[in-house]
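Visitor: I'm new here. Could you show me how to read what's on the screen?

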Amino acid sequence: MESIVLIILKAVAIGVIISAPMGPVGVLCIQRTLNKGRTVGFCTGVGAAISDLMYCLLTAFCLSFVEDFLLRHQAVISLCGSVLLILFALYLFRSNPAAQLKPRGKPKTSVKTSIITGYFFTFSNPLIVFLIMGLFARFNFLDSGYKLYHHIFAFLFIFAGALGWWYGVTYFVNKLKAHFNLRSLWLINRITGSIILIFSLVGVVTSIISLTKP
C-alpha cells in the first residue's frame, strides 16, 4: 500500500496535468484575467477544476466495476494509457489555442458567473475522461488497497492540484499582462505536451518490460 504522501503527490500531478492543456477554458481564463482582473480569471479556473473533479469521480466510479480486470491486466492497461497520453501530447503540439480567442467586450462578470461558465466550458468536453483514464492507469491511481481516507485525500488533492495550476496561471498573467502575448500559449502547450510525452514514454517502456517478464 502506498503512503499518503505518495498518493498526494500523484493526485496533485494528475490535477495539474488535467488542467494544464490550454483549450478554450484556458484561453477564457487568461482572457478574463487580462480584461477583467485576476479574481474573475481565477474563478473561471475554479469552475473548470470543479468540473475536472466531477469527471475524475465519475471515472473512478466506473473503473471500480472492473477492478479485478484492471488488476489482472495492469501492465497492458498502463501501456494503453501511456499510448493514449502520447496521442494527447501530440494533439497539444498541433493545436493552436490562440486561434480560439475572439475579441469580446468587457461586460461585468461576477464571481458566480465566472465559476459557472468555467464549469460548463470544461464539462462540455467529455473527452477529458480519456485523459483521466490514461492518467489513472499510468499512475496506478486506484489501487485496490486504498481505504476510504486514501480516496478522500486523493480526490481532494486532485482538486488542489487543479486549483494550484489556475492560481499560478492567473498570477503569472496578471503580473505580466502589460507584456503578455497570447501566442505564448503555443509555448505553454509545447511544454505541457513535452512533459506528458516524457511520462508516457517512460510508461510504455516500463509496461513492455513488465509484459516481457516470464
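Visitor: How far does helix 1 reach from its first C-alpha to its last?

Guide: Helices here are DSSP runs of H or I, at least four residues, numbered from the N terminus (strands are E, at least two). The expected span is 1.5 Å times one less than the number of residues. Helix 1 (residues 4–19) has 16 residues and reaches 23 Å, close to the expected 22 Å. One caution: this is a predicted model, where local features need pLDDT of at least 70, side-chain atom pairs count only at pLDDT 80 or more, and totals for chains, interfaces and linings use all residues. Residues are numbered from 1 along each chain as its sequence is written, and side-chain values use heavy atoms, leaving out hydrogens and water.

Visitor: Which residues in helix 1 are buried?

Guide: An α-helix has 3.6 residues a turn, so residues three or four places apart point the same way. Buried means under 20% relative accessible area, exposed over 50%, partly exposed in between (1.4 Å probe, protein chains only). In helix 1 the buried ones include Ile7, Ile8, Ala11, Ile14 and Ile18, and Lys10 is on that list too.

Visitor: Is Arg32 buried or exposed?

Guide: Arg32 counts as buried because its relative accessibility is 9%. Arg32 sits in helix 2 (residues 24–36). Its C-alpha is 8.2 Å from that of Thr44, twelve residues apart along the chain.

Visitor: And Leu90, where does that lie?

Guide: Leu90 belongs to helix 5. With 43% relative accessibility, Leu90 counts as partly exposed.
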